[in-house]
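Please keep the sequence and the model open while reading.

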Amino acid sequence: MKVNLKPLRDQVIVITGAGSGIGAVTARMAAAKGARVVLAGRQEAALEQVARDITQEGGAAATVVADVGVQEDHERILALAVERFGRVDTWVNNAGVSIYGTLEQVPIEDQRKLFDTDYWGVVYGSLAAVRHMKATGGAIVNLGSEVSDRAVPLQGAYSAAKHAVKGYTDALRMELRQLGAPISVTLIKPASIATKFTEHARNYMDAQPDLPPPIYAPELVAEAILHAAQTPVRDLFVGGAARAISAFGQNMPGLADRMAGWLFRHQRGPRTYEEMGQDSLYDAGGEHAAVRRPGRRFSAYSCSAMHPQATTLAVLALAGGALACVLRGRR
């Protein structure tokens, strides 16, 4: 069955982890384009602030306090969306959290909790969306990472969870295609993104958490998510660095392993970190000392991946212009 996705102005979009970061930016951007959005997350005050921002600009938003690691909470998210807006057209599984530290340092119970959010949250959300969309169609957009393809040290549990998200997303896509379900399933794989990711992560290192460069703005991820909401696409990297890391890790894994020293250095900030402090692994809203850096607001790779026809025309135009210059020079 052919997948037909609606333009954003006609959509109802569920976004988990919508209180901050990529989720909040995506919600605001979707609402500005006419979509009605359902904002889900653990921190009520943050969700309400995003909803106020949207409604003040003339958009429509509903909020629901939910923990994506609890399966029943996804039923509440779906019920609210149907009650307020009648349906769901796109479901974005965005909520996530990380842990910094070696795998020996990080307690097993913390790793299990991370999987509750980062992996099981995607599973529960996807199942709720599939059940709702089987008859009417729609899009499921899951947030993976560049570490879905290439693990990094000091975020081993996060890397493992994002690998699991990739495996689940790929299997779900194949199964739905075999069933003929009119549902698009997309995996988004961002590079390092300038959000409060490091501040919300649990930290077992003796230094502030940091992100390896280059770092991109969350708006680029939001653009990729909303592109997938309207255009059936298998997966999208955000940032040329993400695509390069994936290719490097898959084609030269042994050499990529030798980058461990560089990754250790670039995930440890310049200042020492003596106390764990608060974080968002178990409770919403925790933050601790971490390095924050601005993000790049443009990626030529991401632009070309989402708009291949325009890129081809631009290349042809450049080639035509160069040829014209050469011919004029000869004359």
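Which residue is the bridge partner of V14 in strand 4? In this predicted model, the partner of V14 is W91, and the sections below place that pair within the sheet.

Seven strands form an open sheet in the order 3-2-1-4-6-7-12, and their pairing is parallel. Strand 3 (60-65) and strand 12 (235-238) stand at the edges with a single partner strand each, so one side of each is left without a neighbour in the sheet. From one strand to the next, the twist averages 15°.

## From strand 1 to strand 6

Strand 1 (residues 12-16) pairs with strand 4 (residues 90-93) in the parallel sense over three bridges, and strand 4 in turn runs parallel to strand 6, to which four bridges join it. W91, the bridge partner of V14, also has a bridge partner in strand 6, namely I140.

Six of the six residues of strand 6 are buried, so this strand is largely enclosed by the rest of the structure. G138, I140 and N142 point one way from strand 6, whereas A139, V141 and L143 point the other way. In a regular strand, side chains alternate between the two faces of the sheet.

## Strand 6, helix 5 and strand 7

Six bridges pair strand 6 with strand 7 in the parallel sense, and G138 stands opposite I183 of strand 7. Helix 5 (residues 156-179) lies across strand 6 (138-143) and strand 7 (183-190), and runs at about 160° to strand 7.

Note on methods:
Residues numbered from 1 in each chain as written. Predicted model: local features only at pLDDT ≥ 70, side-chain atom pairs only at ≥ 80, totals over all residues. Heavy atoms only, no water. Pairing = 2+ DSSP bridges. Helix = DSSP H or I, 4+ residues; strand = E, 2+ residues; numbered from the N terminus. Axes fitted to C-alpha atoms, helices over the stretch in contact; angles between N-to-C directions. Contact = heavy atoms within 4.5 Å. Buried < 20%, exposed > 50% of the residue type's maximum accessible area, 1.4 Å probe, protein only.
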